[in-house]
Amino acid sequence: MSPPDAPVRSLQADTDRDLPNWAFPLLLAFVTLVWLTLSPLPEPTTSKPRPEGSPEVAAGTADLVSLGRNAFGYEELRNQVDGSILIRVPAGPFAMGSDEEEAFPNEAPLRQVDLEQYLIGKTPVTNEQFDRFCQATRSAPSGKSRDWAARSGPRAPAVHLTWQEAHAYCRWAGLRLPTEPEWEKAARGPQARRYPWGDTLDPDRAWHEGNSQGRPREVGLLDQGASPFGCLDMAGNVWEWCLGWEERAADESAEGGHGSRARRVARGGSWNNGPWSLRTSLRLPVDPELPHASLGFRVALTPPAAGLR
C-alpha cells in the first residue's frame, strides 16, 4: 500500500497559505502516523521448531580413530563425534534367516547372503551419548527417554525413541542405522548361530525379563554374550531399530519405499521379554513412530564414507 500522496499535497498547500513554518512537520508526522495505522501489517515471520527426531538434522561426518584389534581379532574404531566404538565386519557371505520349527514366517527361509565390509556399533547407543546429541542439536526426545535415562543410568541404552529420532542421531554423528543383514551377520557370524554365543540358549549371557530387574542395563556388562565379532548386547537388553522397511525382504539392504503398513523392523530381544526373544534371526515389525522403553538402536557405517586416522 502506497502513502496517500494527495492528502499530503493538500496539507502542504494549506500550510503555505495559513500555517506557520513549524506546524507543517507536525501535520506531516500526523498524516504519516494515520497511514501506518491503517495500512495492513505484514504477516510475522516465525520459524517453526524442528519436530523431535526430525531427519532434517544436518548430516555430519564421522571422525574415526583406529583402536587396534579386539580379543576376537577384528578392528575397533572410535567415532570422535559421538564416542561410539565400531567394529569392522569383513566382507563375505553368511547364513541369514531360519527354517527351524520355532521360527516365525518372516524369518524364513534360511539362505546365503553376501555383504561388503561395514562397521557396526559394538554396543547400543547410550543415554549419555544421546544426551550429547540433544545438547549439540538443541533438541529433546519426544517420548519418555529422559525418564528412562534417569531410571537406568547414563551407560544404559537410550530408549523410548522413534525410528526418526534414531535416524537423526545417526545423521548428526556421520553414521547410519544398520541394515537387517548387517545387524544379523554381526550378531551370528558367518554360521547360522541361533544366539550370538552359539546354538544353545544360556539365559545368563543376556539381559531379559528374568534378570534385568525391570529396566535396561548398562551396555557391555555381559561380555560372555559377545558375538563372533565382539559385538555386545545383541541378544537382550533392548530391541534395536534397523534401516529398512518390513515389507522389503530382510536381505534387501536398500532403504527405498514402503507398503501400506509402513513398519520398520527391530532386532535382538529385550530386558522386557523372555529368553524366547534372544534368537539372532528374530524380526520384530514396529510402527516407526512408536517409542517404547524396550526399544533402542546401534550405529553402522560403510567404511569409505568416513575419514580414518
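1. Phe130 sits in helix α3, where helices (H or I, at least four residues) and strands (E, at least two) are DSSP runs numbered from the N terminus. Leaving aside residues up to four places away in sequence, Phe130 touches Val125, Pro141, Ala158, Leu161, Glu165, Tyr169 and Phe297; a contact means heavy atoms within 4.5 Å. Phe130 and Pro157 are 27 residues apart in sequence, yet their C-alpha atoms are 9.1 Å apart in space.

2. A word on how to read all this. The model is predicted, with local features needing pLDDT of at least 70 and side-chain atom pairs counting only at pLDDT 80 or more, while totals for chains, interfaces and linings use all residues. Residues are numbered from 1 along each chain as its sequence is written, and side-chain values use heavy atoms, with hydrogens and water left out.

3. How confident is the predictor? The protein chain averages a pLDDT of 83, and 75% of the residues score at least 70; pLDDT is the predictor's confidence in each residue, from 0 to 100. Over residues 1-55, however, the pLDDT is below 50, and this stretch has 32 contacts in the model beyond near neighbours in sequence. Where pLDDT is low, the predicted coordinates should not be read in detail.

4. Not counting residues up to four places away in sequence, Val299 touches Ser84, Leu86, Ile120, Gly121, Val125, Tyr169, Cys170, Leu175, Arg176 and Pro178.

5. Helix α5 is mostly covered, with eight of its 10 residues buried. They are Trp163, Glu165, Ala166, His167, Ala168, Tyr169, Cys170 and Trp172. What do the buried residues of α5 pack against? They pack against α3, β7 and β8. Just after α5, Gly174 takes a positive phi of about 75°.

6. Next, the cysteines. Cys170 counts as buried because its relative accessibility is 1%, and Cys134 counts as buried at 5%. How many disulfides are there? The count comes to zero, taking a disulfide as a pair of cysteine sulfur atoms within 2.5 Å.

7. Now the sheet. Four strands form an open sheet in the order β9-β8-β7-β10, with mixed pairing; two strands pair if DSSP finds at least two bridges between them. At the edges stand β9 (283-286) and β10, each with a single partner strand, so one side of each is left without a neighbour in the sheet. Strand β7 is mostly covered, with seven of its seven residues buried.

8. Here is how those strands pair. Strand β7 pairs with β10 (residues 295-296) in the parallel sense over two bridges, and Trp239 has Leu295 as its bridge partner in β10. With β8 (residues 264-267), β7 pairs in the antiparallel sense over three bridges; here Trp241 is partnered by Ala266 of β8. Strands β8 and β9 are antiparallel as well, over four bridges, and the bridge partner of Arg264 in β9 is Val286.

9. Finally, helix α4 (residues 145-152), whose buried residues are Ser145, Trp148 and Ser152. Why do these residues line one face of the helix? Seen down the axis of α4, they fall within an arc of 65°, so they line one face; the arc is that of the directions from the helix axis to the C-beta atoms. What covers the buried residues of α4 includes α3. The face turned away from the buried side carries the exposed residues Asp147 and Ala150. Just after α4, Gly153 takes a positive phi of about 105°.

Methods:
Buried < 20%, exposed > 50% of the residue type's maximum accessible area, 1.4 Å probe, protein only.
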